[in-house]
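Please examine the sequence and the three-dimensional structure shown below. The questions that follow proceed step by step, and each answer ends on the value or name requested.

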Amino acid sequence: MSTPIIPVIPNTHPKLPTYNMDEIAFGKNFTDHMLVADYENGEWKNVVIKPYAPFEVDPSCATLHYGQTIFEGIKAFTNKNGEAVIFRPDQNFKRFNISAERMQMPAVPEWIFIEGMKQLINLEKGWIPNKPDASLYIRPFMIAMDPFLGVRPSNTYKFMIILGPSGAYFSAPMKILIEQHYTRATPGGVGFAKNGGNYGGSLYPVALAQEKGYDQVLWTDAIEHKYVEEVGMMNVMFVIDGKVITPSIEKGTVLKGVTRNSAITLLREMGYEVEERFLSVAEIIDAHKKGLFQEVFGVGTAAVVSYISRLAHGEYIMDFDMEALKVAPALKKHLNDIRMGNIVDKHNWLLHI
Ligand SMILES: Cc1ncc(COP(=O)(O)O)c(C=O)c1O
């Protein structure tokens, strides 16, 4: 089937010609158009690209009360030849529909998610910043729309894609507290999905960590708080005695990150041994005491590779010399070189617009 051309209602008051592209704080500014599709009577319809604007929801809207809502985060870049590229949107498309299934929501077809995204970004090309570390952040999401109070799946949904120019997400190296009481995800729960509630539930423990002078928490397993899982809204990687170790995703409590997957592939190609396995706090502290714990960093679409300067478990503090980092900066550079077209995209990770 050839891809339908999605109708466009142009924005008659675009911000772009006069917009200051130096003002690109993450998540604050959005482009002139968005994609919208409605799900009704068992099918997706009314797919349209139209001016970015608020819209009305009924106060009884199912999303507002019971959290039937999912999202994705993807980035587009201008490469060194001035071409617009999107990083691995096929992976986000797959994960989106995995989240949809877990939240009892309808799957979104590829032509709306991927082709719709391409057509929207093609229209908004001028919004992709042309600066190192800057990008156009792509936020596809789906919300339940039934005006109904009652815990059951909605019959109607909206799928939307909004875009926002963004600079680097976390710039300074982070201080991280290992969480020993609160939980992000449990086996059998929704940790592997990108549903809104996972994020709402993380705010309180993070606020408590911030009161103690930390930026984020390192989540541990729900049962014993013994094994590390994720750092804030990122997957986490440890370098211990020259080996890279990242928590296993097999229990469904860790999000299957696209950056995590890309990092594992690249690190192996760069010659590092990478292990995906359960990693305990005790093992980390033991490695630190022996002087073998070399680096810890977060990986995710928003921050790409995020350095960590301090990791604490209660009173036990582990500090890292940012000047001595090897693996994290090399990985960051490699990912960046692929996105910018400085090296060959041999895995076909880039979707050219
Ligand atoms: C909880 C959580 N973990 C990990 C990640 C990293 O995933 P990805 O690399 O696909 O962005 C994200 C999203 O960015 C996330 O929300």
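Helices, which are H or I runs of at least four residues, and strands, which are E runs of at least two, are DSSP runs numbered from the N terminus. The model discussed here is predicted.

Q: Is H65 buried, exposed or partly exposed?
A: A residue is buried with 20 or more other C-beta atoms within 10 Å of its own, exposed with 12 or fewer, and partly exposed in between. H65 has 14 C-beta neighbours inside 10 Å, so H65 counts as partly exposed.

Q: How far apart in space are H65 and V281, C-alpha to C-alpha?
A: In sequence, H65 and V281 are 216 residues apart. In space, their C-alpha to C-alpha distance is 37 Å.

Q: Is S60 buried or exposed?
A: Because S60 has 12 C-beta neighbours inside 10 Å, S60 counts as exposed.

Q: With which residues is S60 in contact, leaving aside its neighbours within four places in sequence?
A: Two residues are in contact if their C-beta atoms lie within 7 Å. With the neighbours within four places in sequence left aside, S60 is in contact with P147, F148 and L149.

Q: Which domains does the domain assignment of the protein chain give?
A: The assignment divides the chain into two ranges, 16–168 and 174–338. These are, respectively, domain 1 and domain 2.

Q: What distance separates the centres of domain 1 and domain 2?
A: The centres of the two domains are taken over C-alpha atoms. The contact takes 17 residues from domain 1 and 11 residues from domain 2. The distance between the centres is 27 Å.

Q: Which element supplies the largest share of the side of domain 1 that touches domain 2?
A: The elements that each supply at least two residues of this side are β3 (69–71), β4 (74–78) and α2 (89–102). The residues of this side divide into six nonpolar, six polar and five charged. The largest share is six residues, and these come from α2.

Q: Is S99 buried or exposed?
A: The place of S99 is in helix α2. Leaving aside its neighbours within four places in sequence, S99 is in contact with I70, A193, K194 and N195. Because 22 other C-beta atoms lie within 10 Å, S99 is buried.

Q: At roughly what angle do the axes of α2 and α3 cross?
A: Helix α3 covers residues 110–123, and its axis comes within 11 Å of the axis of α2. The crossing of these two helices is right-handed. The angle is roughly 150 degrees.

Q: Is N41 buried or exposed?
A: Most residues other than glycine have a negative phi. The phi of N41, however, is near 50 degrees, a positive value. N41 is placed in the loop between β1 (33–40) and β2 (43–51). Because 7 other C-beta atoms lie within 10 Å, N41 is exposed.

Q: Is V304 buried or exposed?
A: V304 also has a positive phi, of about 65 degrees, although it is not a glycine. Its place is in strand β15, residues 304–313. Because 24 other C-beta atoms lie within 10 Å, V304 is buried.

Q: Which element supplies the largest share of the shell around the ligand?
A: The ligand is surrounded by 13 residues, and the closest are G257, V258, T259, G300 and T301. Both β11 (234–240) and α6 (258–269) supply at least two residues of the shell. The largest share is three residues, and these come from α6.

Q: How many residues of the shell around the ligand are charged?
A: The residues of this shell fall into nonpolar, polar and charged groups. Five are nonpolar and six are polar. The number of charged residues is two.

Terms used: Residues numbered from 1 in each chain as written. Predicted model: local features only at pLDDT ≥ 70, side-chain atom pairs only at ≥ 80, totals over all residues. Near = placed C-beta within 6 Å. Nonpolar A, V, L, I, M, F, W, Y, C, P; charged D, E, K, R; others polar. Domains from an automatic or database assignment. Axes fitted to C-alpha atoms, helices over the stretch in contact; angles between N-to-C directions. Left-handed = near helix turned anticlockwise from the far one by under 90°.
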